[in-house]
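Let's take a friendly walk through this structure together. Keep the viewer open as you read, so that you can look up each place along the way.

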Amino acid sequence: MKPFRYRAPLSIGDAVKTVEPIGEGGQGGAFLAGGTTILDLMKLSVVSPPSLTDLQKLGLDEIRWNGDVVHLGARVTMAQAADHPMLKERVPVLSEALWKAASPQLRNVATLAGNVLQRTRCPYFRDNISACNKRNPGSGCSAMDGINRLLAVLGTSDHCIANYAGDFANALLLFDAEVETESRRGERTIAFDRLHVRPDDRPERETVLAQDELITGFRFTLPQWARRSHFVKVRDRESYAFALTSAAVALDMDGETVREARIGIGGAATVPWRAKEAEGFLAGKHLTESVALEAGRMAFAGATGFEHNAFKIPLGQRTVARALLETAAMDSAGTGAGSN
Amino acid sequence: MFSKRVSPSKGIDDTHAPKPGFSRRSLLAASASAGASALGSLGSARMSFAAPVPADQDGLVRTAITINGVEHALALDPRTTILDLLRETLDLTGTKVGCDHGQCGACTVLLDGKRVNSCFVLAVAADGKSIVTVEGLAHPDGELHPMQAAFIEHDGLQCGYCTPGQILSAIGCVIEGHANSDAEIREYMSGNLCRCGAYKGIVEAVREARDETREIGIGPREASK
């Protein structure tokens, strides 16, 4: 790990003022929350920030409710949110997406904002040697013709097929959340579905955040029917593994008929992904197995498979279908699926 | 918890304190020649020496951390992880290096009572906090923590390399309230890999030590504070 300066400022204002702008070699100062992404990448020399600005003295670690409006502080840990009784009851998909991610040790330190901003697990990005447009713009993409089994089939470009590795963001996406930020230019609010940007021809740019812009929290309004929500995660092993494919689903049901469906897809896309066409297709439909499979097919209609990851297209379709059927089978109290 | 701070001036003086005349490694070597009776003292070996690091060197960060109930005043390169500090500076080599990337759990310690991968936490970020390692679990008289005893009783190990991390993680798992069934134990112990595949014994050990661990928490040493 290259040397860096360490600071732990006492206010958000100080934190955004002290983080260094991008300098030589394209590396700027970085914020340190749980550290489970940035220390990993610093040990690999994939990133070498001249300074870390530790956020641990800023608070931002509360979960607050105001009626149906939920506010999650940026530094709430994954474990804290996963075990939160109100979140488990009112919106099980969020808790489930969290406890099915990472390990208990990582969830005890990793924060929600850090989780949302976690970097790709593409092996060519992480190896610090291969051509990679995300790490070294213009150098090419080794994954396209490489071992791309774990990488994306949705939202890819000719420059990058790195997958977005997180789970929580694909669940938070269902509820039209807003991201609250602060930078030297003051505070602003960003629609959560506009936070991440697809690789297109600039895969090095992953979010719309400025380099000194700090996420301070997330805000969203929960519909009553968010109790009927569920996260299905398909992986190479049953626990402590990244998703091959995942589906976050919330359903507003009238008997066996769908009033409104919301579907988030993970493991298979370059950014947190919402399947809006499949959602529209399901409205007013009697939710049978064949309807659920058709929704899964629509969710992956625009997918592009590569040599080793094309299996994610049929697997993802069935993951969506299974999540829809299991969510529909939940009782209105929000139990019946998704328990251990 | 038990995070008393020492004053920086007192702490910096401590950094020049001489090391005691033994380390766990030298004790191990001595034990080998002194016979099996010496092994009984391993679990209670208590070390309280501080880092041999000059505090006035550029770029070092003054940090106060309580480790196994002992306060340490340190001057640290910010790159030092808790794992580096424990093993390289304080000679607390019970905490193991596995992957060094938060993937295997061998380096698990309790930080302010919660299990974390010590390879992934900067020591300077633990300023004012409290750490318990495997060396801090047994009672000073040598009596093992119930989780340690259960791992022996149920053969929750083969080579033993992952065991300190497994035991700290198991105590954390119980304290967090996630040891209510075998399925839950398996899910919430999945951050600790065991290359030998002793998982069956590990689940049995966690199940057996669960109730007593709920009662005493991290250990007799902490319970008596």
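**A walk through the two chains**

A:Leu60 counts as buried, because 21 C-beta neighbours lie inside 10 Å and 20 or more are enough for that label. Please keep in mind that this is a predicted model. To find A:Leu60, look in chain A at the loop between strand E3 (51-54) and strand E4 (63-66). Its backbone deserves a glance too: A:Leu60 is not a glycine, yet it has a positive phi of about 55°. As background, most residues other than glycine have a negative phi.

A:Asn128 is another non-glycine residue with a positive phi, in this case near 65°. You will find A:Asn128 in the loop of chain A that runs between helix H8 (123-126) and helix H9 (168-172). Is A:Asn128 buried or partly exposed? A:Asn128 has 14 C-beta neighbours inside 10 Å and therefore counts as partly exposed.

Next, turn to A:His196, which is found in the loop between strand E7 (186-191) and strand E8 (214-221) of chain A. A:His196 is buried, because 22 other C-beta atoms lie within 10 Å. Which residues is A:His196 in contact with, once neighbours within four places in sequence are left aside? They are A:Tyr164, A:Glu206, A:Thr207, A:Val271 and A:Pro272. For a sense of distance, pick A:Gly316, which is 120 residues apart from A:His196 along the chain. The C-alpha atoms of A:His196 and A:Gly316 are separated by 21 Å.

Now for the nonpolar interior. In soluble globular proteins, nonpolar side chains tend to be buried together. Here the largest nonpolar core has 156 residues, and those that touch the most other members are A:Leu94, A:Leu112, A:Phe168, A:Ala171, A:Leu172, A:Ile265 and A:Val320. The element that gives the most to this core is helix H5 (residues 163-175) of chain B, with six residues. Zoom in on A:Leu112: setting aside residues up to four places away in sequence, A:Leu112 touches A:Leu72, A:Ala74, A:Val76, A:Met78, A:Ala81, A:Phe168 and A:Phe218.

Our last stop is the place where the chains meet. There, 20 residues of chain A are in contact with 27 residues of chain B. On the side of chain B that touches chain A, at least two residues come from each of strand E4 (114-117), H5 and helix H6 (182-188) of chain B. By type, the residues on this side of chain B comprise eleven nonpolar, ten polar and six charged.

Key. Residues are numbered from 1 along each chain as its sequence is written. Chains are lettered from A and ligands numbered from 1 in the order in which they are written. This is a predicted model: local features need pLDDT of at least 70, side-chain atom pairs count only at pLDDT 80 or more; totals for chains, interfaces and linings use all residues. A nonpolar core is a set of buried Ala, Val, Leu, Ile, Met, Phe, Trp, Tyr and Cys residues joined through C-beta atoms within 7 Å. A residue is buried if 20 or more other C-beta atoms lie within 10 Å of its own, exposed if 12 or fewer, and partly exposed in between; C-beta atoms are placed from the backbone. Helices (H or I, at least four residues) and strands (E, at least two) are DSSP runs, numbered from the N terminus. Two residues are in contact if their C-beta atoms, placed from the backbone, lie within 7 Å. Ala, Val, Leu, Ile, Met, Phe, Trp, Tyr, Cys and Pro count as nonpolar, Asp, Glu, Lys and Arg as charged, and the others, Gly among them, as polar.
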